[in-house]
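Subject: Structure handover

Hello,

Here is the structure I promised to pass on. Please open it and keep it beside this email while you read.

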Amino acid sequence: MSYTITSQPARRTERAWREEVIRVCRLMWEKDFVAASDGNVSVRLGPDRFLVTPSGFSKGNLKPDQLLVIDWEAKVIGPLYGANRELRPSSEIILHLEAYRRRPDIRSVVHAHPPMAVALSIAGVSLAQCILPEVVMTLGLIPTTKYATPASPEGAEVIAGVIEHYDALILQRHGSVTVGESPWKAYLKLEKLEHTALITKTLVELNRFNPMKPDEVAKAVHWRESRGLLNDALAHDLCNVCDVCPLK
Ligand SMILES: [Zn+2]
């Protein structure tokens, strides 16, 4: 959205990025945002290099040296010795690479399987709602993509046209994709997404789905606009979903 990551020199070492990815993986596992070997995290190290989690590992006990460096074709280009010997990137990394293609401003992609958000996507309950002001202010809305078979090229196809406009989205029946200027920032958006799903589920159970009033939404949208965080697609969606049409 308004980041300028690719125009800035990388100030952090690869070791520091590796440690941050491991910290985020551990939190994803501890907070039940992933099960078994679910989920993957990546960092754009440079124009043609990406640090990614390997396939088939629990995110609870990955080590920094097990992360792989790949190119735009998902081919491993980093050292193939030591702790990451014989490891391969997840097939879901194709989705990350598509996000980097479409968002040159981002430095990191986090994909998880947060259970509440996934359950709501199956139940047909949208998270693209104006319920929580801070979510409108920070994420805008949380859209859900069309269904794609996990780990297939369809994952990259369904985020096209959505990831350009949103930092947090749900993959129908599958999981979440959040992006940001670092793994930590992308992870925090995942936390916010699942927290929104929990509140939404509670509102559905209470049968008290009480969206924000248009004037309340308008103030939150104005806050985004004043910080350069309002794009045309989001304005269009806010108009459709929340009855606030900032471009009118
Ligand atoms: Zn997945």
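Start with a definition: two strands pair if DSSP finds at least two bridges between them. Helices (H or I, at least four residues) and strands (E, at least two) are DSSP runs, numbered from the N terminus. Residues are numbered from 1 along each chain as its sequence is written. Note that this is a predicted model: local features need pLDDT of at least 70, side-chain atom pairs count only at pLDDT 80 or more, and totals for chains, interfaces and linings use all residues.

The sheet

Strands of a sheet pair through backbone hydrogen bonds, either parallel or antiparallel. Here six strands make an open sheet, in the order β3-β2-β1-β4-β6-β5. The pairing is antiparallel. The edges are β3 (68-70) and β5 (168-171). Each has a single partner strand, so one side of each has no neighbour in the sheet. From one strand to the next, the twist averages 20 degrees. (Axes are lines fitted to C-alpha atoms, for helices over the stretch in contact; angles run from 0 to 180 degrees between N-to-C directions.)

Now walk through the pairs. Strand β1 (residues 40-46) and strand β4 (residues 108-112) run antiparallel, joined by four bridges. Asn40 sits opposite His111 in β4. Val41 faces Val110 in β4. On to β6: β4 and β6 pair in the antiparallel sense over five bridges. There His111 has Val177 of β6 as its bridge partner.

β1 also runs antiparallel to β2, with four bridges between them. A hairpin of two residues joins β1 to β2. Gly46 has Arg49 in β2 as its bridge partner.

How covered are these strands? A residue is buried if 20 or more other C-beta atoms lie within 10 Å of its own, exposed if 12 or fewer, and partly exposed in between; C-beta atoms are placed from the backbone. In β4, five of the five residues are buried, so the strand is largely enclosed by the rest of the structure. In a regular strand the side chains alternate between the two faces of the sheet. Both faces of β4 are covered. Ser108, Val110 and Ala112 are buried on one side, Val109 and His111 on the other. β1 is mostly covered, with five of its seven residues buried.

The helices

Two packed helices are described by the angle between their axes and the distance between the axes. Helix α1 (residues 14-30) packs with helix α6 (residues 183-206) at an angle of about 15 degrees. Their axes are 9 Å apart. That makes α1 roughly parallel to α6. (Angles under 35 degrees count as roughly parallel, over 145 as roughly antiparallel, 65 to 115 as roughly perpendicular and the rest as oblique.) The crossing of α1 and α6 is right-handed. (A crossing is left-handed if the near helix is turned anticlockwise from the far one by less than a right angle, and right-handed if clockwise.)

Which residues of α1 and α6 meet? Glu20, Val21, Val24 and Leu27 in α1 meet Pro183, Trp184 and Tyr187 in α6. (Two residues are in contact if their C-beta atoms, placed from the backbone, lie within 7 Å.) By class, this contact of α1 with α6 has six nonpolar, no polar and one charged residues. (Ala, Val, Leu, Ile, Met, Phe, Trp, Tyr, Cys and Pro count as nonpolar, Asp, Glu, Lys and Arg as charged, and the others, Gly among them, as polar.)

Helix α3 (residues 115-123) also meets α6: their axes come within 8 Å and cross at roughly 55 degrees. That makes α3 oblique to α6. The crossing of α3 and α6 is left-handed. The α3 side of the contact is Met116, Ala117 and Leu120. The α6 side is Leu193, Glu194, Ala197, Leu198, Thr200 and Lys201. By class, the contact of α3 with α6 has six nonpolar, one polar and two charged residues.

Loop residues

Most residues other than glycine have a negative phi, and most peptide bonds are trans. Ala74 has a positive phi of about 65 degrees, although it is not a glycine. Ala74 lies in the loop between β3 and α2. Ala74 counts as partly exposed, with 17 C-beta neighbours inside 10 Å. Arg173 also has a positive phi, near 60 degrees. Arg173 is in the loop between β5 and β6.

Best wishes
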